[in-house]
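Work through the exercises below with the sequence and the model open. Each task is followed by a stepwise solution.

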Amino acid sequence: MRGKKAPRRQITPDPKFGNVYIAKFTNYIMIGGKKTIAQKVMYEALDIMSEKTKQDPLEIFDKALKNVMPSLEVKSKRVGGANYQVPMSVRGERRYVLAFRWILTATRSKKGKR
């Protein structure tokens, strides 16, 4: 591997709630660099959640992430010519990345109203 590892950028929290994970999720929602549209979609979804449940939307969002996040994943390990699926615990940041990806693929694959 040549060169040095790219430094991890610090993500600024979103302007409305001051939460880093909401800012990161809006970055995942964003298509074609249109961040204001992605923020509008995210804030409208949080408003709908708070209206329907009469609870804090940040708590609901965190609870949904915790429900989706994996704790284990299998990785293939080659031992003596055979490949084995070995369960390993998922790193902290990867858990959030997988949860964001799974939530977005589930919502984008649904039919009907956006």
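**Exercise 1.** Describe how helix α1 (residues 20-29) packs against helix α4 (residues 92-109).

Solution. The model is predicted, with pLDDT of at least 70 needed for local features and 80 or more for side-chain atom pairs, while totals for chains, interfaces and linings use all residues. Residues are numbered from 1 along each chain as its sequence is written, and side-chain values use heavy atoms, without hydrogens or water.

Step 1: α1 and α4 pack at an angle of about 45 degrees, and their axes are 10 Å apart. Axes are lines fitted to C-alpha atoms, for helices over the stretch in contact, and angles run from 0 to 180 degrees between N-to-C directions. Helices are DSSP runs (H or I, at least four residues), numbered from the N terminus.

Step 2: this makes α1 oblique to α4. Angles under 35 degrees count as roughly parallel, over 145 as roughly antiparallel, 65 to 115 as roughly perpendicular, and the rest as oblique.

Step 3: on the α1 side, the contact is made by Tyr21, Lys24, Phe25, Tyr28 and Ile29. On the α4 side, Glu93, Tyr96, Val97, Phe100, Ile103, Leu104 and Arg108 take part. Contact means heavy atoms within 4.5 Å.

Step 4: the contact residues of α1 with α4 divide into nine nonpolar, no polar and three charged. Ala, Val, Leu, Ile, Met, Phe, Trp, Tyr, Cys and Pro count as nonpolar, Asp, Glu, Lys and Arg as charged, and the others, Gly among them, as polar.

**Exercise 2.** At what angle do α1 and helix α2 (residues 35-53) pack, and which residues make the contact?

Solution. Step 1: the angle is about 120 degrees, with the axes 8 Å apart. α1 and α2 are therefore oblique to each other.

Step 2: Ile22, Phe25, Thr26, Asn27 and Ile29 of α1 make the contact with Lys35, Ala38, Gln39, Met42 and Leu46 of α2.

Step 3: by class, the residues of this contact are six nonpolar, three polar and one charged.

**Exercise 3.** Classify the crossing of helix α3 (residues 57-68) with α4.

Solution. Step 1: the axes come within 9 Å and cross at roughly 100 degrees. α3 and α4 are therefore roughly perpendicular to each other.

Step 2: Phe61, Leu65 and Val68 in α3 meet Tyr96, Ala99, Phe100, Trp102 and Ile103 in α4. The residues of this contact divide into eight nonpolar, no polar and no charged.

Notes. Helix = DSSP H or I, 4+ residues; strand = E, 2+ residues; numbered from the N terminus.
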